[in-house]
Each structure stands twice: as structure tokens, then as C-alpha cells.
Amino acid sequence: MKKAYQTFVRGLVGLVTCVYIATMVQVFARYVLKVPTPWSEELARYLLITTTVVGAGEVSRRGDHLGVYFVRDSLHGVPKVLLMLLIKLIEIAFMAIITLGIIQAYRINGDVTANTMKWFKAKWLFVGLGFGNTMMLLYAASTLYHSVDSTAKVNRRLKK
């Protein structure tokens with residue numbers, strides 16, 4: 001599993017590198033050569049969107065997403081557990097709705113080509129979005145499962 005994760009991180013670094021290269025090509029062409037390259041801007045945009053969503057999946061894995069921590073940290077015991085469970089349920093519902101939207105967008109627009117890159121089909125963008133969103137959904141479900149499981153174990157110990 002560790003090797004797969006390292007491969008994933010290298011892929012994510014590769015995506016970020018591609019965004020950087022596409023952006024630098026655009027800057028060089030526009031300001032040095034005085035010839036704008038619309039394809040590099042479009043490619044950088046698509047890569048940036050994909051990198052953001054896949055990166056959000058990784059941040060979700062670590063539990064580092066933005067949150068209202070002062071509310072969470074001010075609670076203790078059962079209210080805190082209930083709040084965290086509610087947040088995870090809302091997160092799972094939200095990610096499930098987004099996943100359905102990505103699937104629908106893939107079906108409707110998957111074969112649409114980019115304006116400046118006729119070889120790039122929109123389905124590749126939706127695959128990246130779907131991957132990142134699925135990561136977030138699975139991590140949220142895993143966290144919810146482990147929270148419920150650990151709460152049930154504590155309750156069983158207390159009853160003994």
C-alpha cells in the first residue's frame with residue numbers, strides 16, 4: 001500500500017509539474033515571443049482543475065480540510081462525537097451528489113473536444129474530477145466507519 005501511495009504522490013507531483021510547464025510555455029510565448037498560445041492556457045486550466053480536486057482527495061485522506069475547528073474543539077464527549085458524525089454524513093451526501101453530477105457530465109460532454117486542442121476530450125477532465133471526488137467520498141466513509149466502530153467499542157467496554 002505504501003508503494004501505491006508513493007506512486008500516487010509522484011503522479012500528483014507530475015500533474016503539478018505539467019501545470020507549471022504549460023503556464024511557463026504560455027508566459028514565454030506571450031511575453032518573450034509576443035505570440036500567445038491559447039492551447040497552453042487551456043491545458044494549464046484543465047490540469048489545474050484536476051490537480052486541485054485530486055489534491056483535495058489527498059488532503060481529505062489526512063483530515064486537513066478547512067473546518068470550523070473552534071466549534072469542534074469547544075465540544076467534548078458525546079456532543080463532539082455526534083457533531084463529527086453529522087459532519088461526515090453531510091460530507092458523504094455532498095460527495096455522492098457531486099459524483100452523480102460528474103457521471104452525468106461525463107455522459108453528456110465526454111466526447112466534446114477542447115477548443116484549442118482537438119486531441120483533448122472532456123472525458124479526461126471528468127475522469128480526474130471523478131477520481132479526486134471518489135477519493136474524498138471513500139475517505140469520508142472510512143472515517144465515518146472507524147468513528148462509529150470505535151464509539152461502539154467504547155460503549156461495549158463501558159457496559160462491562
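**View 1. Gly 63, the residue that follows helix α2.** In this predicted model, Gly 63 comes after α2 and has a positive phi, near 75°. Helix α2 itself comprises 25 residues, 38-62.

**View 2. The crossing of helices α1 and α2.** Helix α1 covers residues 2-32, and its axis comes within 9 Å of that of α2. The two axes cross at roughly 150°. Because angles over 145 degrees count as roughly antiparallel, α1 and α2 are described as roughly antiparallel to each other. Their crossing is left-handed. The residues of this contact comprise 15 nonpolar, six polar and four charged.

**View 3. The stacked pair of Tyr 46 and Phe 120.** Two aromatic pairs are present in the structure. In the pair of Tyr 46 and Phe 120, the ring centres lie 5.0 Å apart with 10° between the planes, and the pair is stacked. Tyr 46 belongs to helix α2, whereas Phe 120 lies in the loop between α4 (77-109) and α5 (122-159); the pair therefore ties together parts that are 74 residues apart in sequence. Tyr 46 is buried, with a relative accessible area of 17%, and Phe 120 also counts as buried, at 12% relative accessibility.

**View 4. The edge-to-face pair of Trp 119 and Phe 120.** The ring centres of Trp 119 and Phe 120 are 5.8 Å apart and the planes stand at 90°, so this pair is edge-to-face. Trp 119 counts as exposed, with 62% relative accessibility. Together, Tyr 46, Trp 119 and Phe 120 make up one aromatic cluster.

How values were computed. Residues numbered from 1 in each chain as written. Predicted model: local features only at pLDDT ≥ 70, side-chain atom pairs only at ≥ 80, totals over all residues. Heavy atoms only, no water. Helix = DSSP H or I, 4+ residues; strand = E, 2+ residues; numbered from the N terminus. Expected span 1.5 Å × (residues − 1). Axes fitted to C-alpha atoms, helices over the stretch in contact; angles between N-to-C directions. Parallel < 35°, antiparallel > 145°, perpendicular 65-115°, else oblique. Left-handed = near helix turned anticlockwise from the far one by under 90°. Nonpolar A, V, L, I, M, F, W, Y, C, P; charged D, E, K, R; others polar. Phe/Tyr/Trp six-rings, centres within 6.5 Å; stacked < 30°, edge-to-face > 60°. Buried < 20%, exposed > 50% of the residue type's maximum accessible area, 1.4 Å probe, protein only.
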